[in-house]
Amino acid sequence: MVLRRFFRRQVEPDVHLDKGLEKTRRGVFSEITRLFDRSEIDDDLYEDLEMLLIQADVGWDVSQQLVSELRERVRTDGIINPSDAREILRLEMITLLELATRNRTVKILQRGVPFVILVTGVNGTGKTTSIAKLARYHQNFGRTVMLAAGDTFRAAAIDQLKVWGDRLGCAVIAHQQGADPGAVVFDAMQAAHNRNVDVLIVDTAGRLHTKHNLMAELQKLRRIMQKHVPAAPQEVLLVIDATTGQNGLVQASEFTKSVEISDIMISKLDGTSKGGIAFSVAKELGTPISYVGTGERATDMAEFRPAAYVDSLFFGEGEGL
Ligand SMILES: Nc1nc2c(ncn2[C@@H]2O[C@H](COP(=O)(O)OP(=O)(O)O)[C@@H](O)[C@H]2O)c(=O)[nH]1
Ligand SMILES: [Mg+2]
């Protein structure tokens, strides 16, 4: 088997990803890159690699899997050059992420039918900020966007969404604090229809105390949406905070067990040196990762693409071209 001798980027750099993954790249991943700058492949290499992957929050199981696959490939392909082994690792990592994105459904926006996105996740993970990012993302395609303040627990949450609506120039449907989220969604569906809105993004509270309550609430919102648009919500997005690591992953898996999630956004990648979380999310949840959040502004978002993600872990801006 012929491997490329030079370790290089496969795809065009993505500035948001490069920025978001900077801490992870400068930390653990630069050490991983350096690991392979040795003269031969030995046991130390594998042991150090496993430890570094775990440090990057790739997760115990996934780290073991990657390292044992690498060992196997090196053995069966008779690889002796460490830099070739590094290339194999990179390809393995891309494949692992591709498995999770494989079942991403193609979203079709129909004219005259609002495309409804229901956004869920534990409180503080970045739901509302991610809504602003998604709004902006769809606006860039020339779509009209409306927001619905379905997190009615705190007045501040409603205000926060209104501020984003003002900044982005999208209408926000909101009721008073403590109102029934179902009533907000009902009004929003009607307004979206009347005003010919292309995309309606619905915020929700992440603080329902039991799994049962959460599920009941989201099911109720779903039924209300479906009275207007049978296919709604066409996207159910779960926001996972990258800074919460494996702990956040456990909380996220509770959501995926209770609610049918179609897409994942990993937020706050810029705030962590543990960008390896994407690999455990991909492996453990099996739900497609569709977006990553890389900052607090509406523009700080990238579509999730496996090869670009892995390349951003290994190469900085302008490097490896
Ligand atoms: N650094 C960084 N901060 C973020 C990101 N997404 C959200 N935040 C911040 O995280 C905090 C909680 O976000 P918010 O959207 O209110 O979370 P929610 O409670 O799930 O709606 C806020 O201070 C946001 O500015 C991100 O991608 N990067
Ligand atoms: Mg919120």
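**Around the ligand**

Sorted by class, the shell around ligand 1 is made up of one nonpolar, 10 polar and five charged residues (Asp, Glu, Lys and Arg count as charged, Ala, Val, Leu, Ile, Met, Phe, Trp, Tyr, Cys and Pro as nonpolar, and the others, Gly among them, as polar). This is a predicted model, where local features need pLDDT of at least 70 and side-chain atom pairs pLDDT 80 or more, while totals for chains, interfaces and linings use all residues. Residues are numbered from 1 along each chain as its sequence is written, ligands are numbered from 1 in the order in which they are written, and hydrogens and water are left out of side-chain values.

Of the 16 residues around the ligand, those that come nearest are Gly124, Lys127, Thr129, Asp270 and Glu296 (a residue is near with a heavy atom within 4 Å). Helix 6, residues 127–139, gives the most to this shell, with four residues.

Now look at the oxygen atoms of ligand 1. One lies 2.8 Å from a backbone N or O atom of Gly124, and a polar side-chain atom of Thr128 also sits 2.8 Å from a ligand oxygen. At Lys268, a polar backbone atom is 3.0 Å from an oxygen of ligand 1.

Where does the largest cavity get most of its lining? Strand 5 gives the most, with four residues, and both strand 5 (235–241) and helix 10 (245–258) supply at least two. Among the lining residues are Val122, Leu238, Asp241 and Gln251. By class, the lining has five nonpolar, four polar and one charged residues.

Methods. Polar contact = N/O pair within 3.5 Å; in protein donor to acceptor, adjacent residues only side chain to side chain. 1 Å grid on protein atoms, 1.4 Å probe; cavity = no way out; pocket = protein on both sides within 12 Å on 5 of 7 lines; lining within 4 Å.
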